[in-house]
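User: I am new to reading protein models. Can we go through some of the terms used for this one?

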There are 2 protein chains.
Amino acid sequence: MLDWLRHYRRAALPGDIGAGIVVAMMLVPQGMAYALVAGLPPVAGLYASILPPLVYALFGSSMTQSVGPMAIVSLMTGAAIAPLAGGAPGLHGVLAAQLALVAGAVLLLCGLLRLGFLANFFSRPVMSGFTVGSSLVIAWGQVKPLLGGPLQQPHVPSTVLGLASLALLLLARSHLARLLKRLGMAGTAADVLSKLAPMVVVLAATAAVAAYGAHGIRLTGPVPAGLPQLNLATSPSHWRELLQPGLLIGFVVFLMSMSAAQTLALKRGEKLVSNRELVGLGAANVAAMASGAFPVTGSLSRSAVNFAAGANTPLASVISAVLLAAALMLPTGWLALLPLPTLAATIIVAVLGLLELDTLKTAWHYDRGDALAWLVTCVGVLALGVEAGVIVGVVLSMGTLIWRASRPHIAVLGRIPGTEHFRNVDRYAATRCEEVLILRIDANLFFGNVEAVNERIEDELRAHPATRHLVLTMLAVSSIDTTALFALSELNAGLRARGIGLHLAEVKGPVMDRLRASTLLDTLNGKLFLSTAMASEYLNSLDKEKR
Amino acid sequence: MLDWLRHYRRAALPGDIGAGIVVAMMLVPQGMAYALVAGLPPVAGLYASILPPLVYALFGSSMTQSVGPMAIVSLMTGAAIAPLAGGAPGLHGVLAAQLALVAGAVLLLCGLLRLGFLANFFSRPVMSGFTVGSSLVIAWGQVKPLLGGPLQQPHVPSTVLGLASLALLLLARSHLARLLKRLGMAGTAADVLSKLAPMVVVLAATAAVAAYGAHGIRLTGPVPAGLPQLNLATSPSHWRELLQPGLLIGFVVFLMSMSAAQTLALKRGEKLVSNRELVGLGAANVAAMASGAFPVTGSLSRSAVNFAAGANTPLASVISAVLLAAALMLPTGWLALLPLPTLAATIIVAVLGLLELDTLKTAWHYDRGDALAWLVTCVGVLALGVEAGVIVGVVLSMGTLIWRASRPHIAVLGRIPGTEHFRNVDRYAATRCEEVLILRIDANLFFGNVEAVNERIEDELRAHPATRHLVLTMLAVSSIDTTALFALSELNAGLRARGIGLHLAEVKGPVMDRLRASTLLDTLNGKLFLSTAMASEYLNSLDKEKR
């Protein structure tokens, strides 16, 4: 904890300060906009950007992660609380904070149970399909605020302002960095500055409203000045309903944050500790509850800017949190005049950055099954909603995992004539003795593949009906779980009944130690051999004797 | 389909007839008793024993499986419908049949999608813990009917009859087979005959009631004579509520049946086709719906008797179904006099057979983690109920699967001096060159382990800071999924930024074919080598040149 502070080098300071300022300026429009996505007053998004990143800086393990509000998690929050809060005023905020507490508690618990390996839950195609589907849902949800009314009945001044903001942001996105570079600015500085376009456009729109009036355009309305108050309010009757969305949100918070942090950690040659990430994100979400905000996570886009702007340590996040807190302590009257169509435009442009189709394209050429998983997850989110989309992703990932586990590689071995080498008969000109069937098992034996191993053994015995001895070559087997131990024992009993010997060859030391704690070796209907060659030689001579 | 009938040999007939008779006699008390466990009239259990096994004989792949009512599935059925049916008379039966339809549809769908590999879902300890927990719940549920009232206020005549039945059944279970053998009966015949004890005890109790009156003991009541009528009744408002229990029951039906059938298939050297089992069980459950019964599955205990009694083909099940149908077409007045305390005793003794602690004992000595999974699942069923118990089992199994997947074996290689062999430096006296780090990856690369592989690579690079070239030896890698492809590309980019070369050695043919469809090889920040030795030689000479 706070290792980075103990070993802080002064050389890291300028980068951290610069990144802190840039991220703070990104967070003002982003925080307010994502609060609206979650169905909350804009100030909640600013609160989510102060205490949570400070707490994450204490407990997390990533150096450049920017923890705070994030589009997809805000969408999930909104989807979870809207049906519960109904029209009750104030209940939205209470439930959103309570949801952050549930998600945070889930994450902390997983961290204490050291379940960080769950970061491997989603395959990249599933994650990407989920992100793209959710982004489309978010963008579609912003069409109405952008136009100041439904698609069929747009409010003209809102539409003009919204589309103008959108055009400016899109232009800045595609051309600003190039323009700044042409004007002589250094590459990275230009890239980073271009990320401040949303802040500039929002300020310009606010200034325009201040100067020329709102003309019926909806504004954010009064934003209370001052730091967030300690929030302990919960709705006791909603704990049960919040459990499932809290679990799913905690899960998505972890997966999203890990994939963002991982990308950057790799670039910096830095080690991410998944169990510490669980604790860091859990504590950050508890902090979100305490400051009356909503669920937070690490944001890939913001973290990338943080990194590019020169962040070396979590001090950058501390600085941006302090700046936001300072902004809230100054008069906040100007924030009230922020027009919602412009905020909607910033959201649409922000999620455009999440609409990457590279993963789908690569998967399509590389592995159609993975491409299908992408499509199913994306369509799942669009057709069934973001929460069901997560469940579709979980089911697909688990299905893939079991399917992969259930296909171990097994080879029939034969001897390369004139040598002591035994190789796969399908690939080499290797010769077999009819009575002795030698199978090399190229996978650890466990419950996920015992069935497949059994089936394959039966198939091979059927294909080689003269078999009197079955030899399993276990060089590649590093572990045998309890299920596989039982399966081996049952195989042994079955083969004994059919008059076929079961022999084991090249069993690894640690596996042998384990097997000695069981009764398999005592009841084995055959012998143990140090090498496949020794097994083959002994069994061949045995058969010759018999004749 | 019906392969067994086309190739039927006459020699198989006596065994099939004998087994058919024995199983029919087991099914009369069992079917009625398990219907009571499901909260249904006893005749539903007889219906569940006629059409479903006939349909399974058409579609299933096991030769000796006895499909019909089964204790744990009946318990799950009862748990699912009790809260939905409330006190509404007749609704129980409709919902139970509808539940069989949902479970059957799920199974058929899984069969059509060829999801048979899901049979690998539960580890043996999880399955065993679930079975034991459920058995205890069932036995506890029979205490009240056994005593004719609650534990504190037993009804004396019921208690006398119930305990007497229990004592007789327990005695038969432990001594009858031995006694029959001592009287000169052949071993298998004695074992099989002793399984008819429940039928005998039930007949004796019924005769006693007929002769001496009920004395307030509850009886089964009138059992309608005649074959089951076609049932198409459903409760349209309950589809949604039945979906989750239907899914869980379908899942348990498949797992229970597969594990029972697998044990026998192994003994007979017979191949079980999991996708056909899905279809067979699905069709059997649809048949259960159509005959107004409740969810059915393959029963381990009954199938074992079927096998021991000489069943060679599904004809045995056909015969027992025909016998039960015949019994229903004869007068059924005697069935009405069957005392419930005796039925409760047969249930308790039947589930005693499921209370095996061998798996726990073996796991305890062999693998504490597996023993823990057993205990958690068993306690889960006892504390949270049978449905939550299945979910606990799923979560545990999936957690184990991800955890196992996330721990690939990776070895740092060095050269055995004076040879071309490269081995794990931790186990052999192998020497390394400082600038070249060679890692052998002993697992297929996929989303479940890319994170772990990344972490390990970072650890090794940190441990070997002089590294200029990283060589990944891929001999044991048979597949790389899309997620791992991205991870390799990102590793490549990250290493390039840090001035470290990434080289691949001994890439298998099929893996190479796949990689050629991607951009990884074009952008590789290093070379491809046919062997580790060639990589080592080339890179060492490169470094010497530089100096």
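Analyst: Start with how the copies meet. This is a predicted model. Of the interface residues of chain B, 97% are also interface residues in chain A, so the copies meet through the same surface.

User: What makes the relation of chain B to chain A that of a two-fold axis?

Analyst: Look at the rotation and the shift. A rotation of 180 degrees, with 0.1 Å of shift along its axis, superposes chain B on chain A. The RMSD is 0.1 Å. That is therefore the relation of a two-fold axis.

User: Why is H5(B) called roughly antiparallel to H12(B)?

Analyst: Compare the angle with the cut-off. Helix H5 (residues 71–85) of chain B packs against helix H12 (residues 239–268) of chain B at about 175 degrees. Angles over 145 degrees count as roughly antiparallel, so H5(B) is roughly antiparallel to H12(B). Their axes lie 10 Å apart.

User: Which kinds of residues make the contact of H5(B) with H12(B)?

Analyst: Twelve are nonpolar, one is polar and one is charged. Among those in H5(B) are Ile72(B), Met76(B) and Thr77(B). H12(B) brings residues including Glu241(B), Leu242(B) and Val252(B).

User: Which residues of H7(A) are buried?

Analyst: Among them are Pro125(A), Phe130(A), Gly133(A) and Ile138(A). Buried means under 20% relative accessible area.

Methods:
Residues are numbered from 1 along each chain as its sequence is written. Chains are lettered from A and ligands numbered from 1 in the order in which they are written. This is a predicted model: local features need pLDDT of at least 70, side-chain atom pairs count only at pLDDT 80 or more; totals for chains, interfaces and linings use all residues. Side-chain values use heavy atoms; hydrogens and water are left out. Axes are lines fitted to C-alpha atoms, for helices over the stretch in contact, and angles run from 0 to 180 degrees between N-to-C directions. Helices (H or I, at least four residues) and strands (E, at least two) are DSSP runs, numbered from the N terminus. Angles under 35 degrees count as roughly parallel, over 145 as roughly antiparallel, 65 to 115 as roughly perpendicular and the rest as oblique. Contact means heavy atoms within 4.5 Å. Ala, Val, Leu, Ile, Met, Phe, Trp, Tyr, Cys and Pro count as nonpolar, Asp, Glu, Lys and Arg as charged, and the others, Gly among them, as polar. Copies are superposed by least squares on the C-alpha atoms of residues with pLDDT of at least 70 in both. Buried means under 20% relative accessible area, exposed over 50%, partly exposed in between (1.4 Å probe, protein chains only).
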